[in-house]
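Q: Hi! Could you walk me through this structure?
A: Happy to, here it is.

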Amino acid sequence: MAILIRSLTPPKKNSYIYATEEDDPLYVKDADGEILRWDFFGGNFKGILQKIPYLKELGVNGIYLNPIFEASSNHRYDTADYFAIDPVLGTQEDFETLVNTLHENDMRLILDGVFSHVGQNSRYFNVNGNYGKDKGAYNDRYSPYYSWFTFYDYPDDYASWWGIKDLPEVNKEDPGFQAFIYGNTNSVLSKWNQLGVDGWRLDVADELSDEFIKGIRKNLENFPEKVLLGEVWEDASNKISYHHRREYILGDHLQGVMNYPLRNSVIDLLNENKTPEDVAKSLMVLYENYPADIFFNNLNNIGTHDTERILSELGNHLQKLDLAFAMMFIFPGVPCIYYGDEAGLTGGKDPENRKFFPWNTINQDIYDDCQKWISFRKKNALLTKGDVCFFYGPQLFGILRYSEDNYVALLINPGNYPTTVNGNLTFIADDTAMIKEVHQRFSDRTLKENSYLLITSEQKKKSIEKYRAITKK
């Protein structure tokens, strides 16, 4: 979760900072649609430090940052130097202070690893000569980085990520590049791991071979308690990428992926694009396909820097947003809030989803709803480790988290009309005594439009204890 704080950090060349924090993001483009000027909002490490109290009050215990390394663009997915902090964010000393302070506050930090491509003006490619007129693969066939890239007609025709010339594609099979990224000594991973980062999220994992990902995982095993997550948009257990069936989650590779299928299911359910039955069955298939440890490590999201804002996706409907939070925090895995979703930010795709954080106009109702679900999850260990099954009715969708003796059950009415449970819930699980009890407790209950019911075994235990106390009197 990245918090954007306006600061006096000097902007880069060919960039601008907005006049006010109420301005909407805008890229200045040429006639061909190429970005001429990058916008920088002023967020930096010191700003995040200032807002640690806010994050703790909300209930956040980990931060995943988009790329922090030196780059030309505002999004920094065009890495210029893997060993240098982007100056607009601060210094390496600032970064180390942030890591240490987060740890002192029982919070963790995950970095974004962009290893599929670099920027054309990077130290490694260096089209504009920023790192020396005769340096980099573009200017020197004898550059130590030359073998990293594929040139069709040197130097201007080369392989690039999705054909974007600004992003020269790196040959991940090159031994020199592999050692550079994940070698045991003097590598990119070793440097930042030694500074205390707690894990990595791999950008466009599809573009990285299984062996490359395995090499990264092996490097992380040299350090205690490092996590490796991947950007995979589909079911990671059944993914074929570039004609190869991927092993993302089937061995010594990723420990979890970004759970975009969950986000899609949340939106489909709440916008009534799919029936509760279809959503329940598709999520159960996902659960059955994943190894248990992976499923419970997935980074669950309902919005990221690559998607439209969740509130906009739900038609600015606050009750539906509360239901979206409920699903994410009850679902197995690690819930992740995209900065500002808890404050009511709206917007479409990049750059509309990168607005200033609305510090002076936080929607308190949305914030309270989000904080409510974070608190509920933290108070119920079952939501971290408990098993799961899904259930549904004609207009209703449910998630049951359970262990041998305890349960938490969420029942949602995503529709715009009230509906009553008339013994018509179907559980995708064996018909146990626990499921019969949950079914019975929901029976004859009416859910208002866009609302939920939440029951726990603890509620029933307290009710029984209260009844026993009364009868004793």
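**Pocket, sheets and buried spots**

Q: Which classes make up the lining of the second largest pocket?
A: The lining of the second largest pocket has 17 nonpolar, six polar and six charged residues. Here Ala, Val, Leu, Ile, Met, Phe, Trp, Tyr, Cys and Pro count as nonpolar, Asp, Glu, Lys and Arg as charged, and the others, Gly among them, as polar.

Q: Before we go on, what kind of model is this?
A: This is a predicted model, where local features need pLDDT of at least 70, side-chain atom pairs count only at pLDDT 80 or more, and totals for chains, interfaces and linings use all residues. Residues are numbered from 1 along each chain as its sequence is written, and side-chain values use heavy atoms, with hydrogens and water left out.

Q: What volume does the second largest pocket have, and which residues lie nearest its centre?
A: Its volume is about 990 Å³, counted as the space filled by probe spheres set on grid points that are joined across faces, edges and corners. Of the 29 lining residues, Asn61, Gly62, Leu299, Val334 and Pro335 lie nearest the centre. A pocket is an open set of points on a 1 Å grid over the protein atoms alone, where a 1.4 Å probe fits, with protein on both sides within 12 Å along at least five of seven lines; lining residues have an atom within 4 Å of a point.

Q: Which elements give two or more residues to that lining?
A: Those are strand E4 (62-64), strand E7 (108-113), strand E11 (227-230), strand E16 (334-336) and helix H12 (364-379). Helices (H or I, at least four residues) and strands (E, at least two) are DSSP runs, numbered from the N terminus.

Q: E11 has Gly230 in it; is that residue buried or exposed?
A: Gly230 is buried, with a relative accessible area of 0%; buried means under 20%, using a 1.4 Å probe and protein chains only. Leaving out residues up to four places away in sequence, Gly230 touches Leu202, Ala205, Leu254, Gly256, Val257 and Met258, contact being heavy atoms within 4.5 Å.

Q: And how far is Gly230 from Leu299?
A: The two are 9.1 Å apart in space, C-alpha to C-alpha, and 69 residues apart in sequence.

Q: What does Asn259 touch?
A: Beyond its neighbours within four places in sequence, Asn259 contacts Leu286, Asn298, Leu299, Asn300, Asn301 and Phe331. Asn259 sits in strand E14 (residues 256-259) and is buried, at 2% relative accessibility.

Q: Switching to helices, which residues of H4 are buried?
A: In H4 (residues 175-182), Phe177, Phe180, Ile181 and Tyr182 are buried. They lie on the same side of H4, because they cover an arc of only 160° around the axis, taken from the directions from the helix axis to the C-beta atoms. Their cover includes strand E6 (79-85), helix H5 (188-194) and helix H6 (210-220).

Q: Now sheets. What is the strand order in the one with E1?
A: The order is E1-E3-E2, an open sheet with mixed pairing. E1 (15-16) and E2 (28-29) are at the edges with a single partner strand each, so one side of each has no neighbour in the sheet. Two strands pair if DSSP finds at least two bridges between them. E2 and E3 (residues 35-39) are antiparallel over two bridges, and Lys29 has Ile35 as its bridge partner.

Q: What about the sheet of five strands, which ones are at its edges?
A: The edge strands are E21 (426-427) and E23 (451-456), in an open antiparallel sheet ordered E21-E17-E18-E19-E23. E17 (residues 387-392) pairs with E21 over two bridges, and Phe391 stands opposite Phe427.

Note on methods. Buried < 20%, exposed > 50% of the residue type's maximum accessible area, 1.4 Å probe, protein only.
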